[in-house]
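Reader: Could you take me through a close look at one part of this model? I would enjoy a connected account that begins with a single residue and then widens out to its surroundings.

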Amino acid sequence: MSSGDRQGDTPAGGRFATGLAPWAPVLFLLLLILGFSIVEPLYFPSGENAVTILNDGALLAILACGLTFVLIVGEFDLSIAAVASFAGALSTVLVTQQGWPVVPAILAVAAAAVAIGLVNGLLVIRLEIPALVATIGTASLLDGLTLWVTGNSVIFSGFTDAFMAYGNWRLGGLQAPVLYLAVLATALALALRYTVTGRHLYATGGNRAASRMSGIRVERQVMLAFVGCSVLAATAGFVYTARQGSLTPLFGNSLLLPAFAAAFLGSVTLAHRRFHILGTVIGVYIIGTGTFGLLLIGAPAYSQQLFAGAVLIVATGGSKLRNILRK
Amino acid sequence: MPDDGGGGPGPVLAVRDLAKAFGSTRALKGVDFELETGEIHALVGENGAGKSTLIRILAGDHRPDSGEVRLDGRPARFAHPGDAIASGVGFVHQIPAFVPGLSVAENYLLGLPYDRRRAGLIDWRAVYRDCRATLAELGLNVDPRIPIDRLTAHQRQMVAVARAIRRRPKILVLDEVTASLSEPEVVLLLEQVRRLKESGVAIVYVSHRLEEIFRVADRVTVLRDGLRVATLPVAGLTPADVARHIVGAEIGDLFRRAPVAGAADGGRPRLSVQGLGDGRLSDVAFEVAPGEIVGLAGLGASGRSRLLRILGGAAPCREGRILLDGVPCRHRSTRDALAQGIALVTEDRNTDGYVDSLPIWQNVTLPWTRRFSRFGVVRLRQERAAATASAARLGVRMPSVDASMSALSGGNQQKAIFARWITGPVRLLLLDEPTHGVDIGSKAQIYDIIRGLAARGIGILVASSELEELEALCHRVLLLRRGTVDRELAGEGISKDRILHALLEAQ
């Protein structure tokens, strides 16, 4: 599937060609908003709903941004949901049951996240386990740990105000998660574009052998991506828990596939099969807007899943599909 | 097949007015081509002239926009590669496709029926006997039971040829099959090609190496810019004639000898290698002066690439010393080597030469991004300008510096990679088959680039299986044999014939 069909597709090197295709997902998002506004003119188009959609998607977006790093270096991380769950559980147990102040608990969670990222990276780089397999392994280990430390039960007592404050401050109508997302996504997007490390991450993902020949420490880039990914996943898990003021063990699991869907959707947004932060964030909100709108117009719950699946497949396979239909 | 025997003198394969466009690029603009029974017909042209497209249409990979292909006078429309094979057209590609993990014999018989025993079980002994025999005719003696991955690139190429022959084609298309072969292997392969011709197979022979064409082909067709510019009998032509047709202009200086620039410098050598070894190489010793171009010649797996990889930090140096400008360097990685100004340009640029997901300009600056940054923040405009200047200086023809590397022809990809090494400080350049898969026009330009780099005082070590290349470029040529530098040719002593003689007589 490599050079041959690539040349067949785009003999003139359409890879960086602009055209309309990279804008299609953005256009689709606008059409979604327009469509729901026409169907539900009284209820859908409101500032309040916009804020709700933004708030709802923010934690998923933080998770997906972390995943984007791992995808950029050409690896996978299926442990992100488990990391988020574990970060929530660890902080909850430390604060509510061990009586730790919040800041040390945050530091402990951060240290754990870095350690998990390092373990994932080492499994992939040193033991050469395919990332898909290695991170399924760590995910399962972490889920086990989470169930162990929480005693597999919902925890809702003992949440201190100081803890919950991390998830519940706001600025205007925007809640803490969106504001975290805004800061993180901006910083990450700029870093990927303007720093040497950002370039090296993309180079590593594009061609590891060629990058190594050019003196790039590719193993270090892969490690960095795994660590960054775990830290962001833990951030999402911690903020989620602080905002809820309660903990359901393994709450992260439902976020795993949407995070992948958003990142892949993002890779064909304003880009041609290239993972990037802005794309990932737009991907999250395409799925979020669709889900929210379908809920609002009273579509059955399963339609949300159908929607997300169809959008992902059409978006990522769309350009090929168009070629096939044209023949 | 039924009406052979030369009843009608009609060609076995006739292509009429074939056209094919990809988007706005017109790869073929109405090409004609005829292949007679029992002839070897060379197909040549620069990268982008339309050879690959023509071959891909014949193989059923692409469908033409207009025009027709006739086999034995009957129109043939291949919708799928299987159709072409079923019609008796066989292909051997430059980089043959194999199933890794399967054995040599299994790959050899890929898609063909196996010998069976009565119960329907595969008769492995017969399979191996068959495979071993066909490979032996091509001079390849390997155990057909080992996984294909254990073979070297040129051994795999031979298996690909064997596989195509085994299908007993009427027409065989050989697409750059000698690109990764060394001279003695080429000799064996061409011998086999001639034998196939005598058995009545019509052969289309695609190669960038003009001299091979003169060794086997009966006729040659030249394509340029999607059109046929000539079909001529090879007898009576000279390589210069063919080159002129290919390029559309005179290229005089391709084989011009480089001036012995810094070679007579007399000062400290740029590179000094002493007693280098790693088990397969042993006691390798030589020097390269600043501005000197030194060639490495050797047969087959002589260790040329290995030596370059050790010097470039891509393979460990187990014994001996490497001195750069008199200072011992102990590098453990290509990164270390690069930090000291040693750059390695590998043979297979598609594998480890460039990053296709980055634009051309970022490929040019790939090792140097940090040099354009302050506190880790890259000054993109400055970086892009530097890359653009380097690419322009080496005459890289490209749609834009923002295009991807795969949009370039092989020659321009290689020029872009050279542009990388003039963008940062390099003292020693290690080149492994620098014109692999590059058309003749670009080849001349790349030679000029290499001479230009040497003129700037860079020491250059070039390994090549094309002896004309060494003849054209080098001040000195080292002959590598049994893992060590066996002899050295210098100045007027360097010619294709002398190198070949020395290599063969050294055996």
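Author: Happy to! In this predicted model, A:Asn207 is buried, because 25 other C-beta atoms lie within 10 Å, and 20 or more are enough to count as buried.

Leaving aside residues up to four places away in sequence, A:Asn207 touches B:Tyr354, B:Val355 and B:Asp356. Stepping back to the whole interface, 26 residues of chain A are in contact with 35 residues of chain B. On the chain A side, at least two residues each come from helix H1 (3–9), helix H9 (196–206) and helix H10 (208–213). H9(A) gives the largest share, with 6 residues.

Finally, a word on the partner. Chain B contains 17 helices and 22 strands. Its radius of gyration is 24 Å, close to the 23 Å from the globule rule for 507 residues, so chain B is as compact as a globular protein of that length. The C-alpha trace of chain B spans about 70 × 50 × 50 Å along its principal axes. Of the 507 residues in chain B, 51% are buried. Among chain B contacts between residues at least 6 apart in sequence, 69% link residues at least 24 apart.

How values were computed: Residues numbered from 1 in each chain as written. Chains lettered and ligands numbered in written order. Predicted model: local features only at pLDDT ≥ 70, side-chain atom pairs only at ≥ 80, totals over all residues. Contact = placed C-beta atoms within 7 Å. Helix = DSSP H or I, 4+ residues; strand = E, 2+ residues; numbered from the N terminus. Buried ≥ 20, exposed ≤ 12 C-beta atoms within 10 Å, placed from the backbone. Rg over C-alpha atoms; globule rule 2.2 N^0.38 Å.
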